[in-house]
Amino acid sequence: MTDIVDQINAMHRQVRDTETPDGTGRSIIMRRTYDAAVHDVWEACTDAERLGRWFLPVTGELKLGGRYQLEGNAGGEVLRCQPPRLLRVSWTFGESKEGDLSEVEVRLTPQSEERTVFELEHVAVMTDPTFWNTFGPGATGVGWDLGLISPGWYLAQGEAFDREATQAWSESEEARKYLAASSRAWGKANEAYGTPTETAAAMTAATTNFYVPPDTP
(Lines give C-alpha, C1' and ligand atoms only; values in the text may rest on other atoms or scores of the structure.)
Protein backbone atom coordinates (compact mmCIF):
# COMPACT_ATOMS: atom_id res chain seq x y z
CA MET A 1 0.00 0.00 0.00
CA THR A 2 2.94 2.34 0.52
CA ASP A 3 6.63 2.70 -0.07
CA ILE A 4 8.01 2.79 3.47
CA VAL A 5 11.24 4.60 2.66
CA ASP A 6 9.49 7.30 0.63
CA GLN A 7 6.90 7.87 3.34
CA ILE A 8 9.51 8.09 6.10
CA ASN A 9 11.71 10.43 4.08
CA ALA A 10 8.75 12.64 3.12
CA MET A 11 8.42 13.76 6.75
CA HIS A 12 10.86 16.17 8.38
CA ARG A 13 11.15 15.56 12.14
CA GLN A 14 12.51 17.90 14.79
CA VAL A 15 12.67 18.04 18.58
CA ARG A 16 13.16 21.35 20.39
CA ASP A 17 12.53 23.17 23.65
CA THR A 18 9.61 25.59 23.61
CA GLU A 19 8.72 28.30 26.11
CA THR A 20 5.10 28.21 27.27
CA PRO A 21 3.10 30.06 29.98
CA ASP A 22 3.46 26.88 32.06
CA GLY A 23 7.23 26.66 31.69
CA THR A 24 9.70 25.17 29.24
CA GLY A 25 8.21 22.31 27.27
CA ARG A 26 9.46 19.92 24.62
CA SER A 27 8.05 20.07 21.12
CA ILE A 28 8.05 17.54 18.36
CA ILE A 29 7.65 19.10 14.94
CA MET A 30 6.62 17.26 11.80
CA ARG A 31 6.60 18.80 8.34
CA ARG A 32 5.81 17.45 4.89
CA THR A 33 4.17 18.55 1.65
CA TYR A 34 0.82 17.29 0.39
CA ASP A 35 -0.27 17.49 -3.25
CA ALA A 36 -3.42 19.50 -2.57
CA ALA A 37 -4.50 23.14 -2.35
CA VAL A 38 -4.27 24.79 1.06
CA HIS A 39 -8.07 25.15 1.38
CA ASP A 40 -8.50 21.45 0.66
CA VAL A 41 -5.95 20.46 3.32
CA TRP A 42 -7.53 22.89 5.80
CA GLU A 43 -10.99 21.42 5.31
CA ALA A 44 -9.63 17.86 5.57
CA CYS A 45 -8.22 18.78 9.00
CA THR A 46 -11.08 20.89 10.36
CA ASP A 47 -14.33 19.60 8.85
CA ALA A 48 -15.75 16.94 11.17
CA GLU A 49 -17.07 14.73 8.38
CA ARG A 50 -13.84 14.85 6.37
CA LEU A 51 -11.59 14.46 9.41
CA GLY A 52 -13.51 11.34 10.36
CA ARG A 53 -12.82 9.77 6.97
CA TRP A 54 -9.04 9.61 7.35
CA PHE A 55 -8.32 10.16 11.06
CA LEU A 56 -10.92 9.55 13.78
CA PRO A 57 -14.58 10.41 14.31
CA VAL A 58 -14.83 13.72 16.18
CA THR A 59 -17.64 15.34 18.14
CA GLY A 60 -18.06 18.77 19.70
CA GLU A 61 -17.91 22.35 18.51
CA LEU A 62 -15.11 22.73 15.99
CA LYS A 63 -14.79 26.49 16.35
CA LEU A 64 -12.74 28.95 18.40
CA GLY A 65 -13.42 28.33 22.09
CA GLY A 66 -15.32 25.12 21.36
CA ARG A 67 -14.49 21.73 22.82
CA TYR A 68 -13.91 18.58 20.80
CA GLN A 69 -13.47 14.86 21.45
CA LEU A 70 -11.81 12.34 19.14
CA GLU A 71 -13.35 8.89 19.43
CA GLY A 72 -11.22 6.78 21.79
CA ASN A 73 -8.46 9.37 21.77
CA ALA A 74 -7.66 12.93 22.84
CA GLY A 75 -9.99 15.84 23.46
CA GLY A 76 -9.65 19.48 24.36
CA GLU A 77 -10.42 23.05 23.39
CA VAL A 78 -9.92 24.98 20.15
CA LEU A 79 -7.46 27.69 21.24
CA ARG A 80 -6.64 29.42 17.94
CA CYS A 81 -8.29 29.20 14.53
CA GLN A 82 -7.10 31.25 11.56
CA PRO A 83 -8.46 29.65 8.35
CA PRO A 84 -6.85 28.34 6.25
CA ARG A 85 -3.44 28.68 7.88
CA LEU A 86 -3.39 27.88 11.61
CA LEU A 87 -5.22 25.71 14.13
CA ARG A 88 -4.19 25.23 17.77
CA VAL A 89 -5.93 22.93 20.24
CA SER A 90 -5.31 21.58 23.70
CA TRP A 91 -4.68 17.83 23.55
CA THR A 92 -5.45 15.74 26.62
CA PHE A 93 -6.27 12.15 27.52
CA GLY A 94 -8.64 11.87 30.47
CA GLU A 95 -7.80 14.04 33.45
CA SER A 96 -4.57 15.99 33.06
CA LYS A 97 -2.27 16.45 36.03
CA GLU A 98 -1.90 19.88 37.58
CA GLY A 99 0.98 21.66 35.90
CA ASP A 100 0.87 19.55 32.73
CA LEU A 101 0.29 21.13 29.34
CA SER A 102 -0.27 19.44 25.99
CA GLU A 103 -1.17 21.39 22.86
CA VAL A 104 -1.11 20.69 19.13
CA GLU A 105 -0.73 23.36 16.47
CA VAL A 106 -1.18 22.77 12.74
CA ARG A 107 0.29 25.30 10.33
CA LEU A 108 -0.43 25.27 6.58
CA THR A 109 1.58 27.15 3.97
CA PRO A 110 0.70 27.08 0.26
CA GLN A 111 3.71 26.07 -1.83
CA SER A 112 1.76 26.43 -5.06
CA GLU A 113 -1.89 26.31 -6.12
CA GLU A 114 -1.92 22.52 -5.72
CA ARG A 115 0.75 21.88 -3.07
CA THR A 116 0.65 22.66 0.65
CA VAL A 117 3.32 22.45 3.32
CA PHE A 118 1.78 20.84 6.41
CA GLU A 119 3.48 21.39 9.76
CA LEU A 120 2.36 19.94 13.08
CA GLU A 121 3.87 20.90 16.42
CA HIS A 122 2.97 19.02 19.60
CA VAL A 123 4.30 20.75 22.70
CA ALA A 124 4.09 19.26 26.18
CA VAL A 125 5.08 20.33 29.67
CA MET A 126 5.01 17.30 31.95
CA THR A 127 5.52 17.39 35.72
CA ASP A 128 6.55 13.70 35.71
CA PRO A 129 9.64 13.11 33.49
CA THR A 130 9.31 9.31 33.57
CA PHE A 131 7.55 9.01 30.21
CA TRP A 132 10.09 11.15 28.37
CA ASN A 133 13.06 9.54 30.10
CA THR A 134 11.82 6.13 28.94
CA PHE A 135 10.65 6.78 25.39
CA GLY A 136 11.90 10.23 24.36
CA PRO A 137 10.10 11.90 21.44
CA GLY A 138 9.30 8.67 19.65
CA ALA A 139 6.29 7.65 21.71
CA THR A 140 4.37 10.71 20.57
CA GLY A 141 6.12 11.08 17.24
CA VAL A 142 5.53 7.53 16.00
CA GLY A 143 1.84 7.86 16.83
CA TRP A 144 1.64 11.01 14.75
CA ASP A 145 3.62 9.37 11.94
CA LEU A 146 1.00 6.65 11.77
CA GLY A 147 -1.85 9.17 11.84
CA LEU A 148 -0.34 11.48 9.23
CA ILE A 149 0.30 8.83 6.60
CA SER A 150 -3.43 8.79 5.77
CA PRO A 151 -4.00 12.43 4.67
CA GLY A 152 -1.81 11.98 1.61
CA TRP A 153 -3.82 8.97 0.50
CA TYR A 154 -7.12 10.66 1.32
CA LEU A 155 -6.30 13.92 -0.45
CA ALA A 156 -5.16 12.00 -3.53
CA GLN A 157 -8.08 9.56 -3.64
CA GLY A 158 -10.98 11.74 -2.44
CA GLU A 159 -14.26 9.82 -2.26
CA ALA A 160 -12.47 6.63 -3.30
CA PHE A 161 -10.44 6.62 -0.06
CA ASP A 162 -11.16 3.48 1.94
CA ARG A 163 -10.64 4.03 5.67
CA GLU A 164 -11.28 0.36 6.43
CA ALA A 165 -8.49 -0.65 4.05
CA THR A 166 -6.20 1.83 5.78
CA GLN A 167 -7.14 0.38 9.15
CA ALA A 168 -6.38 -3.10 7.87
CA TRP A 169 -3.01 -1.86 6.60
CA SER A 170 -2.19 -0.42 10.05
CA GLU A 171 -2.30 -3.96 11.42
CA SER A 172 -0.17 -5.49 8.64
CA GLU A 173 3.46 -6.57 8.61
CA GLU A 174 4.25 -3.64 6.32
CA ALA A 175 2.86 -1.27 8.94
CA ARG A 176 5.09 -2.88 11.58
CA LYS A 177 8.11 -2.13 9.39
CA TYR A 178 6.87 1.42 8.92
CA LEU A 179 6.49 1.93 12.67
CA ALA A 180 9.97 0.55 13.33
CA ALA A 181 11.42 2.87 10.67
CA SER A 182 9.53 5.79 12.20
CA SER A 183 10.98 4.97 15.61
CA ARG A 184 14.50 4.98 14.18
CA ALA A 185 13.85 8.31 12.45
CA TRP A 186 12.74 9.83 15.75
CA GLY A 187 15.87 8.41 17.34
CA LYS A 188 17.94 10.42 14.87
CA ALA A 189 15.88 13.55 15.61
CA ASN A 190 16.42 12.92 19.31
CA GLU A 191 20.20 12.81 18.81
CA ALA A 192 20.05 16.01 16.75
CA TYR A 193 18.19 17.59 19.69
CA GLY A 194 21.24 16.84 21.83
CA THR A 195 20.37 13.59 23.59
CA PRO A 196 23.49 11.40 24.03
CA THR A 197 23.72 8.58 21.50
CA GLU A 198 23.41 5.73 24.01
CA THR A 199 20.44 7.35 25.76
CA ALA A 200 18.69 8.05 22.45
CA ALA A 201 19.28 4.42 21.39
CA ALA A 202 17.70 3.12 24.59
CA MET A 203 14.69 5.40 24.09
CA THR A 204 14.37 4.23 20.48
CA ALA A 205 14.47 0.58 21.55
CA ALA A 206 11.75 1.18 24.16
CA THR A 207 9.57 2.99 21.63
CA THR A 208 10.03 0.29 18.99
CA ASN A 209 9.17 -2.46 21.47
CA PHE A 210 6.04 -0.55 22.46
CA TYR A 211 4.74 -0.06 18.93
CA VAL A 212 6.22 -3.22 17.40
CA PRO A 213 6.39 -5.81 20.18
CA PRO A 214 8.43 -8.89 19.27
CA ASP A 215 6.39 -11.75 17.86
CA THR A 216 5.68 -14.37 20.49
CA PRO A 217 5.86 -18.07 19.64
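Visitor: Which element gives the largest share of the lining of the largest pocket, and what makes a run of residues a helix here?

Guide: The largest share, six residues, comes from α5, and helices are DSSP runs (H or I, at least four residues), strands being runs of E with at least two, numbered from the N terminus. This is a predicted model, in which local features need pLDDT of at least 70 and side-chain atom pairs count only at pLDDT 80 or more, while totals for chains, interfaces and linings use all residues. Residues are numbered from 1 along each chain as its sequence is written, and side-chain values use heavy atoms, without hydrogens and water.

Visitor: What makes a space a pocket, and which residues are closest to the centre of the largest pocket?

Guide: On a 1 Å grid over the protein atoms alone, a pocket is an open set of points with protein on both sides within 12 Å along at least five of seven lines, whereas a cavity is a set where a 1.4 Å probe fits but cannot get out; lining residues have an atom within 4 Å of a point. The largest pocket holds about 1,600 Å³ of space, and of its 47 lining residues the closest to the centre are Trp 91, Phe 93, His 122, Thr 140 and Trp 144.

Visitor: How do the residues lining the second largest pocket divide by class?

Guide: That lining has 20 nonpolar, one polar and one charged residues, where Ala, Val, Leu, Ile, Met, Phe, Trp, Tyr, Cys and Pro count as nonpolar, Asp, Glu, Lys and Arg as charged, and the others, Gly among them, as polar. The lining of the largest pocket divides into 21 nonpolar, 17 polar and nine charged.

Conventions:
Grid points are joined across faces, edges and corners, and a volume is the space filled by probe spheres set on the points.
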